[in-house]
Amino acid sequence: MRGDKIVKFFMPKEERFRELLDRDTQHLLSAARLFLEIARSTSLEDRRTKVTQLKAIEHDGDLITRDIFNALNSTFITPFDREDIRSIASDLDDILDYMEGVAQYLILFEIKESPEPLRKFAEIIVAMVEEIHRATGMVWDLSNEKKIQDAIVRISVLENDADAIYFSVIADLFKEGSGKTPIEILKWKEIYQGLEDACDECKDFTHILGNVVIKNA
């Protein structure tokens, strides 16, 4: 019993990591919602303004990731496996990077259009990130295991929906008589590949979260 008390004395306050990861997922959710606005916009000038805002959010996200890594480096005992926390932070950062990258493509390629697949992808990403934010917030109380697993399943379903959109839109792009020039096809392929990568990264995130639940159940 005395040994348990000593261990607890040296344990970090879990709130430190809880607060950092909550900030991180909330930040990612703000970025996803802003990206949806960018996807729905049909004004290049409006997109430029919003992409600048998204870039600022991405920069702040990098700072949060750095704070998490610093906390890991300065903490002797962590509430979860050290590498799992590092992977969670890295994946959240990667999801945001993919979104910001696609937003930059829309500006770089001077695209004003807002085709349905682009909007659908953005809506799926928002839904996935909402689940990520909710599930990550529940991981500190493992009596929430069932709810976390339900969120993981919902993200998997959403990722399947994203795959269906991706394969459909790529097939349409390369279909004879699509009406698009080779340059336009290459531009849109880059955009949709970035969106598909963002969704894949959301799915990868759930593997880490699932491991945390299993290890600490």
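A crossing of two helices is left-handed if the near helix is turned anticlockwise from the far one by less than a right angle. In this predicted model, the crossing of α4 and α7 is left-handed.

Helix α4 spans residues 82-108, and helix α7 spans residues 182-216. Their axes come within 9 Å. The crossing angle is roughly 165 degrees. Angles over 145 degrees count as roughly antiparallel, so α4 is roughly antiparallel to α7. Sorted by class, the residues in the contact of α4 with α7 are 15 nonpolar, two polar and eight charged.

The relative accessible area of I191 is 0%. Buried means under 20%, so I191 is buried. Beyond neighbours within four places in sequence, I191 is in contact with V102, Y105, L106, F109, I111 and L118. K180 lies eleven residues from I191 in sequence. The C-alpha atoms of I191 and K180 are 15 Å apart in space.

The average pLDDT is 91, and 94% of the residues score at least 70. Among the elements, helix α5 (residues 116-138) has the highest mean pLDDT, at 97. Helix α1 (residues 2-10) has the lowest, at 42. Over residues 1-12 the pLDDT is below 50. Beyond near neighbours in sequence, this stretch has five contacts in the model. Where pLDDT is low, the predicted coordinates should not be read in detail.

Key. Residues numbered from 1 in each chain as written. Predicted model: local features only at pLDDT ≥ 70, side-chain atom pairs only at ≥ 80, totals over all residues. Heavy atoms only, no water. Axes fitted to C-alpha atoms, helices over the stretch in contact; angles between N-to-C directions. Helix = DSSP H or I, 4+ residues; strand = E, 2+ residues; numbered from the N terminus. Parallel < 35°, antiparallel > 145°, perpendicular 65-115°, else oblique. Nonpolar A, V, L, I, M, F, W, Y, C, P; charged D, E, K, R; others polar. pLDDT = per-residue confidence, 0-100. Contact = heavy atoms within 4.5 Å. Buried < 20%, exposed > 50% of the residue type's maximum accessible area, 1.4 Å probe, protein only.
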